[in-house]
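Reader: I am new to this structure. Please take me through one part of it closely, residue by residue.

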Amino acid sequence: MLDGERYRWLGGGKGALSHSTPIGRLFAQHKHLPLYFTQIMATKIESKASAVGLLAAYDTFLFDCDGVLWLGDHLLPHVIETLELLRSLKKKVIFVTNNSTKSRRQYTAKFAKFGLNVTEEEIFGSAYASAVYLSTIVALPKDRKVWVLGQSGIEDELHQLGYETLGGSDPELDREFNSESPLLNVDPNVGAVVAGLDIKVNYYRLAATLQYLRDPKVEFVATNIDSTYPQKGRVLPGAGSIVESAACASGRQPVACGKPSQGMMAAIKAIHQFDPSKAIMVGDRLNTDMKFGRDGGLATLLVLTGIETKEGLDSLAPNLKPTFYAEKLGDLYLHSK
């Protein structure tokens with residue numbers, strides 16, 4: 001007898017499994033699958049049945065990058081084989097990253113370095129989302145400038161959409177702080193501030209950013225609010241740590257364009273035209289990747305190669321648990337054979 005609090009038929013009524021849901025269709029096609037697919041608890045990808053079942057249930061796969069595909073400059077095991085498997089099964093793959101330090105164009109080069117053939121159209125980054133937000137939602141005129149607290153990825157995406165940028169990678173901001181510097185003078189043509197991860201952040205950059213944010217008519221946009229990110233076994237401060245400094249100083253809260261913002265999800269759905277009920281979000285963070293997918297109506301797969309741990313997963317309330325979890329993305333390939 002199954003505990004009614006821990007198990008349910010997904011998408012159906014009492015004692016029946018609806019064939020209108022991905023899992024329902026999966027059971028109709030693969031009657032041999034074990035009953036754990038109906039658990040409220042997250043299902044671990046650790047057998048052929050679980051891997052094949054997941055592959056059968058979803059047509060569109062959204063991937064976070066850092067902590068899922070790679071850690072820093074280290075490609076994680078069997079990522080190439082997993083992506084090749086998905087493409088051979090005619091699955092749509094979309095790479096959704098909160099890393100704003102690289103533009104989509106720069107990201108294609110990083111993918112290529114790892115031996116991954118990915119097009120610019122398959123990448124949706126937070127820097128791109130921020131530029132699109134200013135261009136389409138705010139409708140900031142192209143003769144207005146954008147002050148950047150961040151790196152070249154933000155600048156590149158803004159330039160591609162026709163905006164001139166100030167700040168960002170300007171080497172003058174690397175100098176010793178001078179309160180009389182002309183860099184602290186406000187350019188009246190600046191209509192927005194975009195803030196993201198900046199490994200060269202210093203007092204100069206924060207002080208100059210504050211001058212623009214003191215004007216309530218200047219839009220305040222954050223690429224994302226990740227507090228940390230993983231790299232080579234370490235946890236490092238993320239964009240959210242920098243954004244929060246600017247927010248604290250100015251007394252303002254930005255519009256966040258990266259995960260888990262559903263504005264970003266709406267833009268991805270509009271561009272890629274997929275059915276959320278047949279899509280799954282794969283990531284390494286509960287508060288961004290998993291929330292992003294869950295709030296967007298997607299299934300979720302948490303991999304434990306980045307920020308989260310099995311202990312953290314086990315402590316979650318049932319409604320916050322991902323649909324699936326795996327030790328690494330490559331388990332999907334390994335267990336499907």
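This is a predicted model: local features need pLDDT of at least 70, side-chain atom pairs count only at pLDDT 80 or more; totals for chains, interfaces and linings use all residues.

**A close look around one loop and a listed site**

Author: Lys102 is found in the loop between strand S5 (92-97) and helix H4 (104-113). Helices (H or I, at least four residues) and strands (E, at least two) are DSSP runs, numbered from the N terminus. Residues are numbered from 1 along each chain as its sequence is written.

Lys102 touches Tyr107, Lys110, Ala127 and Gly153, not counting residues up to four places away in sequence. Contact means heavy atoms within 4.5 Å. Asp156 is 54 residues apart from Lys102 along the chain, and their C-alpha atoms are separated by 8.2 Å.

Now the listed site. The unreviewed UniProt entry gives Asp64, Asp66 and Asp284 under "binding site". These three are spread over 221 residues of sequence, yet they cluster in space, with a largest C-alpha distance of 8.2 Å. Asp64, Asp66 and Asp284 also belong to the lining of the second largest pocket. A pocket is defined on a 1 Å grid over the protein atoms alone, as an open set of points where a 1.4 Å probe fits, with protein on both sides within 12 Å along at least five of seven lines; lining residues have an atom within 4 Å of a point. UniProt positions follow the numbering used here, feature names are shortened, and annotations may be inferred rather than shown by experiment.

Take Asp66 next. Asp66 sits in the loop between strand S2 (60-63) and strand S3 (70-71). Its relative accessibility is 16%, so Asp66 counts as buried. Leaving aside neighbours within four places in sequence, Asp66 is in contact with Thr97, Asn99, Tyr107, Lys110 and Asp284. Tyr107 and Lys110 are also among the contacts of Lys102.

Asp284 lies in the loop between strand S14 (279-283) and helix H10 (286-295). At 1% relative accessibility, Asp284 is buried. Residues up to four places away in sequence aside, its contacts include Asp64, Asp66, Gly67, Val68 and Pro230. Also among them are Asp289, Leu302 and Glu308.

How values were computed:
Side-chain values use heavy atoms; hydrogens and water are left out. Buried means under 20% relative accessible area, exposed over 50%, partly exposed in between (1.4 Å probe, protein chains only).
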